[in-house]
Amino acid sequence: MFKSGAVVRKFEVNGEKVILRYPKMSDAKNLMRHINSLIDERARIILTKKVTLEEEKKYLKGIIDKSKKGLSIDLIAEVNGEFAGKFDVFRERNPPSAIDHIAKFGLGLKRKYRNMGIGTEILKVLIEIAKKEFKAEIIELGIIADNDRAVHVYKDKMGFREVGRIPNGYKRDGKYLDRVIMIKNI
Ligand SMILES: CC(C)(COP(=O)(O)OP(=O)(O)OC[C@H]1O[C@@H](n2cnc3c(N)ncnc32)[C@H](O)[C@@H]1OP(=O)(O)O)[C@@H](O)C(=O)NCCC(=O)NCCS
């Protein structure tokens with residue numbers, strides 16, 4: 001059940017203390033910096049345009065409202081007490097629908113916390129949450145084909161399998177890349 005700022009899970013990864021908690025309005029500045037730095041580093045995410053603090057506040061209010069209604073679960077990660085990223089579990093449509101058993105994920109860890117095993121552990125928690133809260137049976141992800149680290153994490157470490165590909169499904173600055181669809185039955 002959503003409660004602003006409440007801790008959902010606490011664990012350690014190689015000595016790093018990780019907390020996953022619900023967002024609160026005071027996260028807006030960190031979230032804005034985070035998304036803008038992902039855009040700056042050209043991370044393979046869908047957003048391409050930087051956001052303002054006002055836009056981020058509006059977005060945050062929206063996700064808090066959706067979380068309160070149980071339509072999505074958005075989580076802030078902290079590592080050793082510092083903002084480290086944002087993660088979400090959601091359904092494509094509001095229930096009831098014929099695709100209520102499919103959950104989707106969004107993952108974004110700050111650069112300095114990558115390659116430490118943290119993303120993989122968070123993914124495991126997201127799968128548990130999807131099962132418990134959404135009664136999900138399938139997780140579906142869309143990954144940009146050249147995101148080698150994410151592909152390695154999903155496919156090799158977490159057992160997702162590629163079920164399709166949208167040729168040229170990602171277009172940024174006139175350059176096309178394939179969008180790979182992966183699923184995991186859970
Ligand atoms: C994708 C993401 C969530 C993974 O989390 P993470 O904490 O970095 O992942 P982990 O440390 O658990 O695992 C990373 C693995 O990728 C490997 N790796 C790192 N760079 C790689 C590369 N260029 N090619 C292939 N594998 C790579 C690491 O060696 C490690 O594998 P190993 O444990 O077998 O050695 C995180 O990197 C991230 O948020 N990236 C930016 C945003 C993004 O791409 N989101 C996903 C969109 S679908």
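Arg-42 follows helix 1 and has a positive phi, near 60 degrees. Helices (H or I, at least four residues) and strands (E, at least two) are DSSP runs, numbered from the N terminus. This is a predicted model: local features need pLDDT of at least 70, side-chain atom pairs count only at pLDDT 80 or more, and totals for chains, interfaces and linings use all residues. Residues are numbered from 1 along each chain as its sequence is written.

Confidence comes next. The protein averages a pLDDT (the predictor's confidence in each residue, from 0 to 100) of 96. A score of at least 70 is reached by 100% of the residues.

| Element | Residues | Mean pLDDT |
|---|---|---|
| helix 2 | residues 53-68 | 95, the lowest |
| strand 2 | residues 16-21 | 98, the highest |

Back to helix 1. Its buried residues (20 or more other C-beta atoms, placed from the backbone, within 10 Å of their own) are Ala-28, Leu-31, Met-32, His-34, Ile-35 and Leu-38. They cover an arc of only 165 degrees around the axis, by the directions from the helix axis to the C-beta atoms, so they lie on the same side of helix 1. The face turned away from this buried side carries Lys-29 and Asp-40, both exposed (12 or fewer such atoms).

Now the ligand. Of the 21 residues around the ligand (C-beta atom, placed from the backbone, within 6 Å), Leu-109, Arg-114, Gly-119, Thr-120 and Asp-148 come nearest. Strand 5 (102-109), helix 3 (118-134) and helix 4 (148-157) each give two or more residues to the shell. Helix 4 gives the most, with six residues.
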